[in-house]
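Hello,

Here is the structure I said I would pass on. My notes on helix packing and the nonpolar cores follow below it.

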Amino acid sequence: MRYLLLNFLLFFLFSTYSHAAKIENIRVWAAPDSTRVVFDVSEPVEHTLSLLTEPYRTVIDLKDSSIDKTLTQPGSEDKFLQRIRSATRNQHDLRVVLDLKKFVKFKSFQLKPNKHYGHRLVVDLYGKDNEDTNKIVNIEQEVTAANRPRDVIIALDAGHGGEDPGAKGPSGTYEKDVVLKIAKRLHDTINKERGMKAVMVRTGDYYMPLRRRIEKAREQRADLFISIHADAFRDRRVHGSSVYVLSQRGASSEAARWLAESENASDLIGGVSLDNKDDVLASVLLDLSQTASLEASIDIAERVLKGLKGVGKVHKRTVQSAGFAVLKSPDIPSILVETAFISNPDEERKLLSSQHQTKMANAIVAGLHGYFREFAPEGTLLASRKHIISRGETLSTIAQQYKVSTDSLRQYNGLKGDLVRVGQTISIPGSSGT
Ligand SMILES: [Zn+2]
């Protein structure tokens, strides 16, 4: 058994180990680029983590601990984790071994009880490099190689996930589940539109830190970021949807501040406790470069809110602003849609109805359409003018008419030669309205 240098990377001490801790459950959340293993423990537990090789495995030694439950095994789709096993050591310690599919980085931290769970020990396994990088380079190459008009890209962020369920409805619906369904429906609706392409930020039931959600949108070169949530309030009568943008100076109202705190707090529930010390500084820096995208965000938010007014009741008649961390992309317009109040029994039911989800998706897309018809980013299909070829026209007469080169027309439309036919539609480079 050979120990790596990485041995004892993390070491947590908790003074009381007179009573034995019980591992009540182990939960595994597999995300595309990480796997989270959560131990539900009866009390904080002293532990060490190490990585062993040949084959790779992470060993977690838990002092004065025991387990009396069959271990949940990871699914076959898990990119990192092969198997979990455990054994008693030195009579009262517990060793849990995570058999790995490949080399991983890992970290652990403990979480205090919240309204959903008790004490937890969290172990995160994540990849050596970002595996998405290759994919992104490919997208970029595809777009630039042909120099053809691209789609407007919309990143859809389903709030919460995995360890963080978000709000809970009176009949037990979790916000994380219903917003993922709505985001997927919106994804499919957008992808039916010419010139628009939706990408999902979170694709399954796992938690993703807020900062990572923004990064993901940037990696996909998104033109717009939409975060989907469902509201909750103590008073079950409160209902309706709201649309938020990032406020310029933190939260603009007391209620908005409260909401921003509870949405942002999910990062703590989800379990990022060590990496966010520079958040205040980072947000100040980000705010400085945000004005331009904020104007776009407000415009889009207004149009989306108008769309939602046609579907059902709205909670606030105007666009709200609050300091949501997930909206802090400096260069991507970002909005947050609180689709409805999951705490309202009637709206909880509606959120689950596929008919209502479709209506909402259509309303949101209508809002997006209105915006991008006017302000499509340059180089996108929606920004380009259309020309239908009539009898007698050639590529060079069209080029002259629009004051562009035949070369650029050819490139833009992916044409090999000069042959065009009557009735064919071609795109003219240059933004709309010029
Ligand atoms: Zn939420």
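Predicted model: local features only at pLDDT ≥ 70, side-chain atom pairs only at ≥ 80, totals over all residues.

On the α2 side the contact is made by V178, K181, I182, R185, L186, T189 and I190. On the α9 side it is made by S354, Q357, T358, M360, A361, N362, I364, V365 and L368. By class, the residues of this contact divide into 9 nonpolar, 5 polar and 2 charged.

Helix α9 (residues 354–375) also packs against helix α8 (residues 345–352), at an angle of about 80 degrees and with the axes 5 Å apart. Angles of 65 to 115 degrees count as roughly perpendicular, so α8 and α9 are roughly perpendicular to each other. K350, L351 and L352 of α8 make this contact with S354, H356, Q357 and M360 of α9. The contact of α8 with α9 has 3 nonpolar, 3 polar and 1 charged residues.

The remaining pair in these notes is helix α10 (residues 395–402) with helix α11 (residues 406–413), which pack at about 105 degrees with their axes 9 Å apart. These helices, α10 and α11, are therefore roughly perpendicular to each other as well. From α10, the residues L395, S396, I398 and A399 meet T406, L409 and R410 in α11. Sorted by class, the contact of α10 with α11 has 4 nonpolar, 2 polar and 1 charged residues.

**Nonpolar cores**

In soluble globular proteins, nonpolar side chains tend to be buried together. The largest nonpolar core here has 52 residues. Those with the most contacts inside this core are I154, I190, I226, V304, I335, L368 and F372. Both helices and strands contribute: β11 (152–158), α2 (175–191), β12 (196–200), β13 (224–231), β14 (242–246), α7 (291–309), β16 (334–341) and α9 each supply at least two residues of the core. Which element gives the most to this core? That is α9, with 8 residues.

Leaving aside residues up to four places away in sequence, F372 touches V152, I154, M196, L224, P377 and L382. A second, separate core has 24 residues, including L51, L62, L71 and L98.

Regards

Technical notes:
Residues numbered from 1 in each chain as written. Heavy atoms only, no water. Axes fitted to C-alpha atoms, helices over the stretch in contact; angles between N-to-C directions. Helix = DSSP H or I, 4+ residues; strand = E, 2+ residues; numbered from the N terminus. Parallel < 35°, antiparallel > 145°, perpendicular 65-115°, else oblique. Contact = heavy atoms within 4.5 Å. Nonpolar A, V, L, I, M, F, W, Y, C, P; charged D, E, K, R; others polar. Core = buried A, V, L, I, M, F, W, Y, C linked by side-chain atoms within 4.5 Å. Buried < 20%, exposed > 50% of the residue type's maximum accessible area, 1.4 Å probe, protein only.
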